[in-house]
Amino acid sequence: MTRAPHTAPDPHPAAGPHRIAVLGAGVMGVGITALALGHGVPVLLVDLDEERLDRARDDIDRELRMAQLMGRLPAAADTRALHLATTTDGVGDATAVVEAITEIAELKAKALADISARVRPGTPLISNTSSIPIDELAGHAERPEDVAGTHFMNPPYLIPTVEVIRGARTGESTMAAVGALLDVLGRNQVVVRDAPGFVTSRVLHPMINDAARVVQEGTATAEAVDALMEGCLGHPTGPLRTADLIGIDNLVDSLRVLHQHTGDEGSRPCELLLDKVRQGQLGRKTGRGFYAYQEENR
Amino acid sequence: MSSFDTGATGTTEANEATEKEILRFLEARTKRPWKTDTDLFASGGLSSLFAMELVVHLEKTFGISIRGADLRLDNFRTVTSMTALVERLRTAAAGGTADA
Ligand SMILES: NC(=O)c1ccc[n+]([C@@H]2O[C@H](COP(=O)([O-])OP(=O)(O)OC[C@H]3O[C@@H](n4cnc5c(N)ncnc54)[C@H](O)[C@@H]3O)[C@@H](O)[C@H]2O)c1
């Protein structure tokens with residue numbers, strides 16, 4: 001396990017404290033924003049989808065309160081230091097940018113090209129991609145050395161460890177700046193090399209795919225699969241409840257990336273997952289996936 | 001907006017109505033009976049995710065807002081502790097000794 005030294009040189013010594021921009025106000029953008037606000041870091045949250053942005057403040061407020069309820073964030077945390085925007089015009093003075101948009105390589109490539117032209121050189125551009133190799137994304141930024149990967153998981157305030165991915169071209173100062181930011185956010189980091197799916201998605205996503213396949217084949221219900229994985233194997237929530245938490249659309253996108261990059265047939269998204277996406281049963285975020293969720297329970 | 005307007009009724013009656021409503025919700029959502037002093041989150045009990053559901057439900061039903069230091073799991077551990085929280089916040093909202 002590697003931890004960045006606390007004495008890491010600040011790439012913007014004159015810029016003062018952290019001020020981040022987050023791209024994408026989906027499941028992860030909301031969660032990462034709540035984590036940052038909860039640690040006193042102001043956030044500019046950008047999403048192209050105005051409707052999504054309209055809901056973001058409430059979603060973030062709710063996540064902050066959940067974190068407080070569970071004693072994971074200080075009681076004083078609120079959404080006052082949150083700014084919302086539908087364009088990236090304001091990212092210029094961010095001390096770091098976290099990209100958490102849809103898991104589609106072309107979209108991410110465009111977004112990284114755009115933000116790297118807007119920020120000061122040396123500002124870390126951090127992708128929260130589940131599976132796309134960081135170096136592939138870095139190639140679209142003006143300065144590939146500024147690009148690194150962090151794999152926050154849902155919900156970020158609850159999960160203490162973040163997988164950090166160092167791409168082939170990621171610079172030393174970028175790694176140090178990412179480490180410093182994660183320290184401020186109270187997360188532990190484990191640094192790994194670049195590869196499709198890195199460690200966690202590479203291991204977890206095909207496993208969830210298999211769990212869904214077991215249900216598809218009629219061997220067991222989703223409840224039974226989760227009960228066995230929890231009760232016998234110590235999985236904290238069960239793989240299919242995890243699929244609902246991730247968002248089945250995102251899971252399918254990530255599996256596709258894995259399948260394309262590795263050729264592993266186990267990563268080809270199974271029919272049941274594809275069906276659920278077609279039916280809009282995306283998990284907690286739509287109220288139904290493998291399980292049904294009350295509005296209050298999402 | 002509150003569907004449990006206690007108005008001039010005494011505190012005890014208000015408490016009872018609140019308690020009854022919380023028990024009703026708990027039993028409807030968990031499909032098992034609860035006592036007012038049972039620790040809902042003790043082992044074998046409910047998940048802490050459910051606590052957030054309780055927060056949202058109490059806010060909606062009793063027209064209160066639960067924030068800051070009141071967002072502690074201990075306030076939601078038993079029906080009794082939730083009733084006390086609701087009554088305190090309703091008094092505060094009604095212009096009583098506001099400390100929230
Ligand atoms: N969901 C998880 O549990 C999880 C965990 C780890 C990593 N990830 C990764 O995090 C990223 C985000 O996932 P998510 O689950 O939050 O997705 P999501 O579908 O919930 O949200 C994605 C958001 O990005 C927005 N968006 C798309 N293009 C944009 C652009 N160019 N600029 C600004 N916003 C844009 C969309 O409108 C949408 O609101 C993905 O790369 C995903 O693989 C997800």
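Which residue does the side chain of Arg118(A) meet in a salt bridge?

Mentor: The model is predicted, so local features need pLDDT of at least 70 and side-chain atom pairs count only at pLDDT 80 or more, while totals for chains, interfaces and linings use all residues. Residues are numbered from 1 along each chain as its sequence is written, chains are lettered from A and ligands numbered from 1 in the order in which they are written, and side-chain values use heavy atoms, with hydrogens and water left out.

The side chain of Arg118(A) meets that of Asp89(A), at 3.4 Å from N to O. A salt bridge here is a side-chain nitrogen of Lys or Arg within 4 Å of a carboxyl oxygen of Asp or Glu. Arg118(A) lies in helix H3 (residues 105-118) of chain A and Asp89(A) in the loop between strand S3 (82-85) and strand S4 (96-99), so the pair ties together parts that are 29 residues apart in sequence. Helices (H or I, at least four residues) and strands (E, at least two) are DSSP runs, numbered from the N terminus. Over all chains, the whole structure has 25 salt bridges.

Between chain B and chain A the count is 2 salt bridges. Asp61(A) and Arg67(B) form a salt bridge through their side chains, at 3.0 Å from N to O. On the side of chain B that touches chain A, the elements giving two or more residues are helix H1 (11-30) and helix H2 (48-62) of chain B. H2(B) gives the most, with 10 residues.

The contact (heavy atoms within 4.5 Å) takes 20 residues from chain B and 13 residues from chain A. About 1500 Å² is buried between the two chains, with carbon and sulfur atoms giving 54%; buried area is the accessible area (1.4 Å probe) that two parts lose on being put together, summed over both. Leu49(B), Met52(B) and Leu71(B) supply 37% of the area that chain B buries against chain A, more than any other three residues.
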